[in-house]
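I opened a new structure today and kept short notes. Here is what I looked up, entry by entry.

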Amino acid sequence: MRLILASSSATRRAMLDQAGIGHEAVPARIDEAAIRAALTAEGASPRDIADALAEAKARKMSDKHPDAMVIGCDQVLDFRGRTLAKCETRDEAAAQLAELRGHTHSLLSAAVIYEAGKPVWRHVGQVRMTMREFSDDYLRAYLDRNWDRARHSVGVYMIEDEGVRLFQRIEGQYFDILGLPLVELVSYLMLRGVIDV
């Protein structure tokens with residue numbers, strides 16, 4: 001079956017490539033900020049927001065490609081019940097990292113699969129991440145070195161790069177940190193016969 005990843009994320013594409021899962025990447029253009037704001041106003045949890053955003057992407061691309069299996073993904077950061085998204089500016093990133101340091105937050109990676117306009121599978125992976133108490137000087141230097149790349153990630157860290165130095169403890173699956181619950185996705189695709197066991 002034709003498999004579409006409704007995402008522009010190079011990391012998610014690479015994860016599927018490295019796992020030997022053939023796919024096409026066709027980004028879904030949705031108004032994430034508006035959806036997130038509406039759900040937040042309704043009191044939705046960060047987990048539900050991640051799931052709803054992933055589903056909106058999968059549904060949009062499934063409507064355009066009803067013959068394909070479409071994977072929609074999204075990732076949000078849950079800090080004390082508050083949903084944090086990607087930072088728009090370096091100042092915003094510095095403030096967010098300063099707020100997170102020394103505390104534990106959850107990173108939620110949602111994936112939803114649609115076929116013929118209907119949801120057939122969903123999963124939300126959760127990783128608990130505890131940041132170190134780093135100095136303001138280190139924070140500024142970290143952003144000097146990493147802002148151009150890290151600004152594309154929720155939390156302003158890329159754990160596969162220098163971002164790992166920000167943490168003292170991580171509990172959960174590495175793939176979930178990268179933005180795709182790959183182990184669970186692979187299990188479903190095997191069960192459906194899309195990929196070989």
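**Entry 1: two helices**

I began with a crossing: H2 and H3 cross in a right-handed way. I noted that this is a predicted model. I then looked up how the pair is arranged. Helix H2 covers residues 32-41 and helix H3 covers residues 46-64. They pack at an angle of about 140°, and their axes are 10 Å apart. That angle makes H2 oblique to H3. The cut-off for roughly antiparallel is over 145 degrees.

Which residues of H2 and H3 meet? From H2 I listed Glu32, Ile35, Arg36, Leu39 and Thr40. From H3 I listed Ile49, Ala52, Leu53, Ala56 and Lys57. I sorted the residues of this contact into six nonpolar, one polar and three charged.

**Entry 2: the end of H2**

I stayed with H2 and picked Ala41, which is found in that helix. Is Ala41 buried or exposed? Its relative accessible area is 71%. Exposed means over 50%, so Ala41 counts as exposed. I also checked Ala41 against Met15, 26 residues apart along the chain. Their C-alpha atoms are separated by 34 Å.

**Entry 3: the nonpolar cores**

Next I looked inside. The largest nonpolar core has 44 residues. Which of its residues touch the most other members? I wrote down Leu97, Tyr157, Leu166, Leu185 and Leu189. Helix H5, residues 136-150, gives the most to this core, with six residues.

I followed up Leu166. Leaving out residues up to four places away in sequence, Leu166 touches Leu97, Met131, Arg132, Phe134, Tyr138, Tyr142 and Tyr157. Another core lies apart from the largest one. This other core has 18 residues, including Ala6, Ala50, Val112 and Tyr114.

I turned to the backbone. Most residues other than glycine have a negative phi. I noted two residues with a positive value.

Arg80 has a phi near 55°. It lies in the loop between strand S3 (69-79) and strand S4 (82-84). Val156 has a phi near 60°. Val156 lies in the loop between H5 and strand S7 (167-171).

Val156 has a relative accessible area of 1%. Buried means under 20%, so Val156 goes down as buried.

Terms used: Residues are numbered from 1 along each chain as its sequence is written. This is a predicted model: local features need pLDDT of at least 70, side-chain atom pairs count only at pLDDT 80 or more; totals for chains, interfaces and linings use all residues. Side-chain values use heavy atoms; hydrogens and water are left out. Axes are lines fitted to C-alpha atoms, for helices over the stretch in contact, and angles run from 0 to 180 degrees between N-to-C directions. Helices (H or I, at least four residues) and strands (E, at least two) are DSSP runs, numbered from the N terminus. Angles under 35 degrees count as roughly parallel, over 145 as roughly antiparallel, 65 to 115 as roughly perpendicular and the rest as oblique. A crossing is left-handed if the near helix is turned anticlockwise from the far one by less than a right angle, and right-handed if clockwise. Contact means heavy atoms within 4.5 Å. Ala, Val, Leu, Ile, Met, Phe, Trp, Tyr, Cys and Pro count as nonpolar, Asp, Glu, Lys and Arg as charged, and the others, Gly among them, as polar. A nonpolar core is a set of buried Ala, Val, Leu, Ile, Met, Phe, Trp, Tyr and Cys residues joined through side-chain atoms within 4.5 Å. Buried means under 20% relative accessible area, exposed over 50%, partly exposed in between (1.4 Å probe, protein chains only).
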